[in-house]
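Visitor: Please take a close look at one loop for me. Start there, then walk me through what surrounds it in sequence and fold.

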Amino acid sequence: MTAPTPQPFPETFLWGGATAANQIEGAHNADGKGVSIQDVLPKGLMGPRTAGPTPDNLKLEGIDFYHRYAEDIALFAEMGFKVFRFSIAWSRIFPNGDDELPNEAGLAFYDRVLDELEKHGIEPLVTISHYETPLALAEKYNGWTSRKMIGFYERYVRVLFDRYGHRVKYWLTFNEINALVHFPIIGGAILTPPEELSRQDLFQAVHHVLVASALATRIAHETRPDIQVGCMVLAIPVYPLTPDPADVLAVLDADHTNLLFGDVHVRGTYPGYALRHMRENGIELDITDEDREILKNTVDFVSFSYYMSICETAAPDRTTGEGNIIGGVKNPTLQDTEWGWQIDPVGLRVVLNQFWDRWQKPLFIVENGLGAKDELIEVDGRPTVNDDHRIAYLNDHLIQVGEALADGVDVLGYTPWGCIDLVSASTAQMSKRYGFIYVDRDDDGNGTLDRHPKKSFHWYADVIRSNGASLRRGDGRP
Ligand code: BGP
């Protein structure tokens with residue numbers, strides 16, 4: 001018998017779920033929407049790019065949230081969600097990214113989504129840019145390598161804050177902003193193949209994104225002082241593969257690459273290790289005095305995704321693991337998911353402590369979850385899924401959130417990824433499911449799109465209702 005968790009969650013804890021426009025909305029060309037970089041990546045971020053949208057791209061229809069949002073939000077409300085994370089598709093608002101005026105029909109869609117959330121008393125958590133930059137900005141300017149992008153993003157965020165600032169308190173500027181370094185096309189709308197992209201151009205793009213993010217924070221605070229702006233980073237605890245100090249140094253290097261983004265967002269300036277890296281690698285950033293001033297607009301909180309930890313080693317014969325965008329070396333002590341992501345609940349406590357110790361800013365876990373194949377069965381005449389594996393995964397991670405809370409870490413909330421099944425970012429599959437709600441659609445695009453609550457739906461409703469008291473000690477216990 002396992003014992004109930006002793007660690008309480010704060011009464012204000014924001015329980016909910018997370019999605020992104022390009023993975024749920026569909027309606028890829030409805031009501032004046034333009035083409036986004038996702039529309040030309042039919043096989044996901046690892047696959048080849050096509051010249052235009054192709055019929056095999058599951059994201060073009062997604063799970064049709066564009067038309068079924070009311071039904072979906074009602075299901076989230078049934079689970080007791082306090083918060084719902086979604087993103088705004090930039091190309092719905094500015095179809096080409098550099099248009100002078102926004103597309104009213106696109107704006108009106110998010111008014112309707114917000115109306116529905118308000119009706120159910122669910123707090124919105126909005127990602128301004130989630131891997132879905134308008135394609136025209138990639139084609140005309142090579143994305144964030146160009147300084148002009150700061151201006152286009154500024155125009156976009158001004159429209160969003162003017163329109164929704166009075167009804168959306170929590171905003172995230174860029175999804176997994178550090179992914180730009182690892183996948184320039186997704187994070188930065190940069191079409192130059194990674195092997196041909198110079199470090200100079202990559203770092204300049206990083207700088208432009210960081211300035212744009214800080215500018216959004218400034219504009220938000222000028223619009224309404226009560227708006228809370230967070231950065232969003234892909235969190236990945238890195239462990240040394242061996243106790244060899246050379247491996248520990250390899251960890252330090254990997255950490256610096258990832259933590260740079262949080263460091264700039266929280267401290268408002270580049271840390272010494274980044275300046276050294278640029279100095280020693282012949283990278284000369286074009287930083288203006290105005291940029292330096294803008295960067296001082298630091299975030300109110302730090303949000304992050306967490307799926308796995310990795311190991312690092314200085315040894316040249318690295319057996320690399322598959323992973324959530326960032327490679328790394330496989331940890332021999334951990335189990336893999338069906339997609340080769342290593343499951344490490346304790347890593348979540350580690351990363352919460354690391355971020356809290358480093359930044360002393362409230363933290364928001366805005367993605368976490370198990371991508372797995374599900375089998376639809378019938379129970380009492382109703383289609384459902386017995387997803388005990390998903391329940392165990394989430395339970396074990398939440399136990400570690402409780403541990404971090406007990407460590408004194410300030411955690412605002414938890415929005416597990418893909419609270420309703422959606423199209424995968426890395427592989428563009430439907431069969432890699434994360435949801436509490438099953439969506440009837442397969443990898444070939446067949447299916448009714450009907451929604452069916454899984455066993456985890458009822459489990460999560462209990463967790464929320466009991467504010468975490470129904471969680472059980474799991475295998476992830478340290
Ligand atoms: C993160 C992205 C999400 C999401 C998630 C799961 O990197 O922010 O968009 O998709 O990973 O990844 P996948 O869909 O590849 O399983």
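Guide: Some naming first. Helices (H or I, at least four residues) and strands (E, at least two) are DSSP runs, numbered from the N terminus. This is a predicted model.

Our loop joins strand S12 (411-414) to strand S13 (437-439), and Ala428 is found in it. Look at the backbone there. Ala428 has a positive phi of about 60°, yet it is not a glycine. Is Ala428 buried or exposed? Its relative accessible area is 7%. Buried means under 20%, so Ala428 counts as buried.

Asp31 has a relative accessible area of 42%. That value lies between 20% and 50%, so Asp31 is partly exposed.

Now go back to S12. This strand belongs to a barrel. Eight strands close it, in the order S1-S2-S3-S4-S5-S7-S9-S12, with parallel pairing. On average, neighbouring strands of the sheet are turned by 30° against each other, direction ignored. Strands of a sheet pair through backbone hydrogen bonds.

Take one pair. Strand S5 (residues 228-235) runs parallel to strand S7 (residues 301-306), and six bridges join them. Ala235 stands opposite Tyr306 in S7. Helix H4 (residues 104-119) packs on the sheet, where it touches strand S2 (83-87) and strand S3 (123-127). The direction of H4 makes about 170° with that of S2.

Cysteines next. Cys231 is buried, because its relative accessible area is 0%. Cys311 is buried as well, at 3%. A disulfide is a covalent bond between the sulfur atoms of two cysteines. The structure holds zero of them.

Finish at the largest pocket. About 520 Å³ of space lies in it. It is lined by 23 residues, and the closest to its centre are Arg199, Asp253, His256, Thr257 and His277. Which elements give two or more residues to the lining? They are helix H7 (179-182), helix H9 (199-223), helix H10 (245-267), helix H11 (272-280) and strand S8 (310-312). H10 gives the most, with eight residues.

Definitions and conventions. Residues are numbered from 1 along each chain as its sequence is written. This is a predicted model: local features need pLDDT of at least 70, side-chain atom pairs count only at pLDDT 80 or more; totals for chains, interfaces and linings use all residues. Side-chain values use heavy atoms; hydrogens and water are left out. Two strands pair if DSSP finds at least two bridges between them. Axes are lines fitted to C-alpha atoms, for helices over the stretch in contact, and angles run from 0 to 180 degrees between N-to-C directions. Contact means heavy atoms within 4.5 Å. A disulfide is a pair of cysteine sulfur atoms within 2.5 Å. Buried means under 20% relative accessible area, exposed over 50%, partly exposed in between (1.4 Å probe, protein chains only). On a 1 Å grid over the protein atoms alone, a cavity is a set of points where a 1.4 Å probe fits but cannot get out, and a pocket is an open set with protein on both sides within 12 Å along at least five of seven lines; lining residues have an atom within 4 Å of a point. Grid points are joined across faces, edges and corners, and a volume is the space filled by probe spheres set on the points.
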